[in-house]
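Me: I would like to learn how to read a model of this kind feature by feature. Could we take the general idea each time and then the case at hand?

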Amino acid sequence: MIQIIIRNESEKYSVAELVQMAVEGGCRWIRLDLPDADEAFMRELGELIIPLCREAGVMLTIDDQPEIARKAGLHGVHLADKKFNPIALREEFGAEAVIGVTVSEVSSAIAMAKADIDYVQLPSDFDADRIAAFMTDLREIDRNYPVVANGDDYAGCIGALLALGVSGAVIGAPVYKSDNPVEATRSILSQLG
């Protein structure tokens, strides 16, 4: 699984254009990281990208904005901010919503699995050795729980990253800062084989 993060940091393209180009490049999961987005912005953006993602069968989630995720009808939310209670959000959103949580310890990952959270994400400062150690410890307890690594540095070495045992990666800047987001997305996804 590759999650492409879209941020409002491109000097060349709008968020809606970036989403469209990532979808055109074959992306199956887009995560919006728009911490300053208000409801009006999300409503306008949603009118443009939600039908596109639904038609293409693309998962669409947002970081740290569960209220917007629910109101906009997104597939779910990723929680990096510790102020949110993922267990309470699971109860509120129901079983269909996708909920991911950033964790840095195996014990937290196990707690999230027991709480019916869909996946955990490792922090961006985890290097290959820390990822490998985390995965070794986790696999001793739960062999199948999805873990994604976070980091733009992995855009060119997805195969090596997957060999460490993670289920996927979260990549952003190589797409949203690219001159050609379609090709950047294709390049990243082509590494999946």
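Me: By about how many helical turns are Glu183 and Arg186 separated in helix 9?

Reply: Before the answer, please keep in mind that this is a predicted model. Glu183 and Arg186 are three residues apart in helix 9 (residues 181–190), so about one helical turn separates them. Their side chains form a salt bridge, with the closest N and O atoms 2.8 Å apart. Glu183 is partly exposed at a relative accessible area of 41%, and Arg186 is likewise partly exposed, with a value of 37%.

Me: Which residues do salt bridges with shared partners join into one network?

Reply: That network consists of Glu67, Arg70 and Glu92. Within it, Arg70 forms a salt bridge with Glu92, where the closest N and O atoms are 2.4 Å apart. Arg70 lies in helix 3 and Glu92 in helix 4 (residues 86–93), so this pair ties together parts that are 22 residues apart in sequence. Arg70 is partly exposed, with a relative accessible area of 39%, and Glu92 is partly exposed as well, with 44%.

Me: How many salt bridges does the model contain by this rule, and which side chain meets that of Lys71 in one of them?

Reply: The rule asks for a side-chain nitrogen of Lys or Arg within 4 Å of a carboxyl oxygen of Asp or Glu, and by it the count comes to eight salt bridges. One of them is the contact in which the side chain of Lys71 meets that of Glu39, at 3.1 Å from N to O. Lys71 belongs to helix 3 (residues 66–72) and Glu39 to helix 2 (residues 39–56), so the pair ties together parts that are 32 residues apart in sequence.

Me: Let us turn to the strands. What should I look for on the two faces of strand 8?

Reply: The general idea is that in a regular strand the side chains alternate between the two faces of the sheet. In strand 8 (residues 168–171), Gly168 and Val170 are on one side and Ala169 and Ile171 on the other, and all of these residues are buried, which leaves both faces covered. Ala169, which has its place in strand 8, has 0% relative accessibility and thus counts as buried.

Me: Which strands are joined to strand 8 by bridges?

Reply: Strand 1 (residues 2–6) runs parallel to strand 8 and is joined to it by three bridges, with Ile2 standing opposite Ala169. Strand 7 (residues 147–150) also runs parallel to strand 8, again with three bridges between them, and Asn150 has Val170 as its bridge partner there. Between strand 7 and strand 8 the chain passes through helix 7 (residues 158–163), and this β-α-β crossover is right-handed.

Me: Where should I look for residues other than glycine with a positive phi?

Reply: Two cases can be followed along the chain. Asp64 has phi near 55°, a positive value in a residue other than glycine, and its place is in the loop between strand 3 (59–63) and helix 3. Asp64 is partly exposed, with a relative accessible area of 24%. Asp116 has phi near 65°, which is again positive in a residue other than glycine, and it lies in the loop between helix 5 (106–114) and strand 6 (119–121). The relative accessible area of Asp116 is 42%, and this residue is partly exposed.

Me: Finally, what is the volume of the largest pocket, and which of its lining residues are closest to its centre?

Reply: The largest pocket has a volume of about 170 Å³. It is lined by 14 residues, of which Arg31, Asp33, Asp63, Asp64 and Ala80 are the closest to its centre.

Technical notes
Residues are numbered from 1 along each chain as its sequence is written. This is a predicted model: local features need pLDDT of at least 70, side-chain atom pairs count only at pLDDT 80 or more; totals for chains, interfaces and linings use all residues. Side-chain values use heavy atoms; hydrogens and water are left out. Buried means under 20% relative accessible area, exposed over 50%, partly exposed in between (1.4 Å probe, protein chains only). Helices (H or I, at least four residues) and strands (E, at least two) are DSSP runs, numbered from the N terminus. Two strands pair if DSSP finds at least two bridges between them. A crossover is right-handed if, with the strands pointing away from the viewer, the path from the first strand over the helix to the second runs clockwise. On a 1 Å grid over the protein atoms alone, a cavity is a set of points where a 1.4 Å probe fits but cannot get out, and a pocket is an open set with protein on both sides within 12 Å along at least five of seven lines; lining residues have an atom within 4 Å of a point. Grid points are joined across faces, edges and corners, and a volume is the space filled by probe spheres set on the points.
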